[in-house]
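Dear colleague,

Please find below the sequence and structure that I am handing over to you. My findings follow directly after it.

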Amino acid sequence: MFTSFNLKLNPANDFRDYYDVGSKFLSGKQQKLQSELDLLICSDSKIDGTAVQNDWFPEVNASVFLSHSHIDEELAVSLAGWLHKECGVDTFVDSHVWGYANDLLREIDNRYCKNEDGHTYSYERRNCSTSHVHMMLSIAIQKMIDHCECLFFINTPNSIEIAKDIDGGLLSSPWIYSELSLTKVIRHRPLSDYRQRRSDSLLHYAINEKTDVPITYKIDLEHLPVLSVENLTSWQKALSERRNDYAYPLDALYEQVEILQTRMFNE
């Protein structure tokens, strides 16, 4: 990851006209499941976890990783469509690429976690299977964030609960919490690492994160430069007026928010 942004948006979806564009674009990045679980079981009847991760959660070429609440999925897809059409930048939205985590978990549970009656599940074995699948997805997300040039956190009231006594607010999604925490500790790579293998694309990751377990996390966003709809519009305008001035579309955004100058000064 080169950099990351705190993108403050209206959940009413300022980009709704681009939803069909985003949906079509992201659908083209969907990966077909290459193997049934039977094909990923070793001779000793153990599941090949590495093969499962590579097969079910493959790495995808993308420039921007979209971190967002599952409630804002339509907004994320619409934004992906706008970025693709207006700025020539592709995104990753995981529900359109990795929307299989719950399917994988269900298949493992049905095969390995049922009690002898064949109708109920073992609490202990279910905990174990969930840990494995969520670990696979978590590692895949970490690799994708490292693989993408930058991350946009779509900051809406659906993702962050404002708390009067806590700076930054509260998160109820463990996945967003993990992604934002990662932006503070993951290696920051030079642009040359991405430009050598350039293939602009945007993505967003997916598992059904809706839960009735009332757990929240304190979140710090101070390290993320803030972006607004106005910033995105100015970026698109710069590209439309001076496209030949930029070797890569994201450079126009970095120039606007002075990311390149800041990074060069700090380095």
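**Cysteines and disulfides**

The number of disulfides found is 0. Please keep in mind that this is a predicted model. A disulfide is a covalent bond between the sulfur atoms of two cysteines. To count here, two cysteine sulfur atoms must lie within 2.5 Å. For Cys148, the closest cysteine sulfur belongs to Cys150 and is 8.0 Å away, which is too far for a bond. Cys148 is buried, because its relative accessible area is 0%. Cys87 also counts as buried, at 4% relative accessibility.

**The chain as a whole**

The protein chain has 10 helices and 8 strands. Of its 267 residues, 48% count as buried. Consider next the contacts between residues at least 6 apart in sequence: 83% of these join residues at least 24 apart.

**Helix H8**

Helix H8 covers residues 229-242, which makes 14 residues. From its first C-alpha to its last, H8 reaches 20 Å, close to the 20 Å expected at 1.5 Å a residue.

Which residues of H8 are buried? They are Asn231, Leu232, Trp235, Ala238 and Leu239. These residues lie on the same side of H8, because they cover an arc of only 120° around the axis. On the other side of H8, Glu230, Ser240 and Glu241 are exposed.

**Salt bridges**

Side chains of opposite charge can pair when their charged atoms come close. A search of the whole structure finds 7 salt bridges, and three of them are described here.

In one of them, Asp146 meets Arg187, with a distance of 2.8 Å from N to O. This pair links distant parts of the chain, since its partners are 41 residues apart. Asp146 belongs to helix H5 (residues 123-147), whereas Arg187 sits in the loop between helix H6 (174-185) and helix H7 (191-195). Are these two partners buried or exposed? Asp146 counts as buried, at 14% relative accessibility, while Arg187 is exposed, with a relative accessible area of 51%. The two values fall on opposite sides of the scheme, because buried means under 20% and exposed means over 50%.

Another salt bridge joins the side chains of Asp193 and Arg189, at 3.2 Å from N to O. Asp193 is partly exposed, with a relative accessible area of 27%. Arg189 counts as buried, at 14% relative accessibility.

A further salt bridge involves Arg242 and Glu255, whose closest N and O atoms are 3.3 Å apart. This pair too links distant parts of the chain: Arg242 is in helix H8 and Glu255 is in helix H9, 13 residues apart. Arg242 is partly exposed, with a relative accessible area of 34%. Glu255 is partly exposed as well, with a relative accessible area of 38%.

Salt bridges that share partners join Asp146, Arg187, Arg189 and Asp193 into one network.

**Aromatic pairs**

A pair of aromatic rings is described by the distance of the centres and the angle of the planes. The search of the whole structure finds 6 aromatic pairs. One of them consists of Phe5 and Phe152, whose ring centres are 5.6 Å apart. Their planes stand at 75°, so the pair is edge-to-face. The pair links distant parts of the chain, with Phe5 in strand S1 and Phe152 in strand S4, 147 residues apart.

Phe5 is buried, with a relative accessible area of 0%. Phe152 likewise counts as buried, at 0% relative accessibility. Both residues belong to one aromatic cluster, which is formed by Phe2, Phe5, Phe152 and Tyr254.

**A backbone angle at Asn13**

Most residues other than glycine have a negative phi, and most peptide bonds are trans. Asn13 is not a glycine, yet its phi is positive, at about 80°. Where is Asn13 found? Asn13 is in the loop between S1 and helix H1 (19-27). Asn13 is buried, because its relative accessible area is 5% and buried means under 20%.

With kind regards

Notes: Residues are numbered from 1 along each chain as its sequence is written. This is a predicted model: local features need pLDDT of at least 70, side-chain atom pairs count only at pLDDT 80 or more; totals for chains, interfaces and linings use all residues. Side-chain values use heavy atoms; hydrogens and water are left out. Buried means under 20% relative accessible area, exposed over 50%, partly exposed in between (1.4 Å probe, protein chains only). Helices (H or I, at least four residues) and strands (E, at least two) are DSSP runs, numbered from the N terminus. The expected span of a helix is 1.5 Å times one less than its number of residues. The arc is that of the directions from the helix axis to the C-beta atoms. A salt bridge is a side-chain nitrogen of Lys or Arg within 4 Å of a carboxyl oxygen of Asp or Glu. Rings of Phe, Tyr and Trp (its six-membered ring) pair if their centres lie within 6.5 Å; planes under 30 degrees apart count as stacked, over 60 as edge-to-face and the rest as tilted. Contact means heavy atoms within 4.5 Å.
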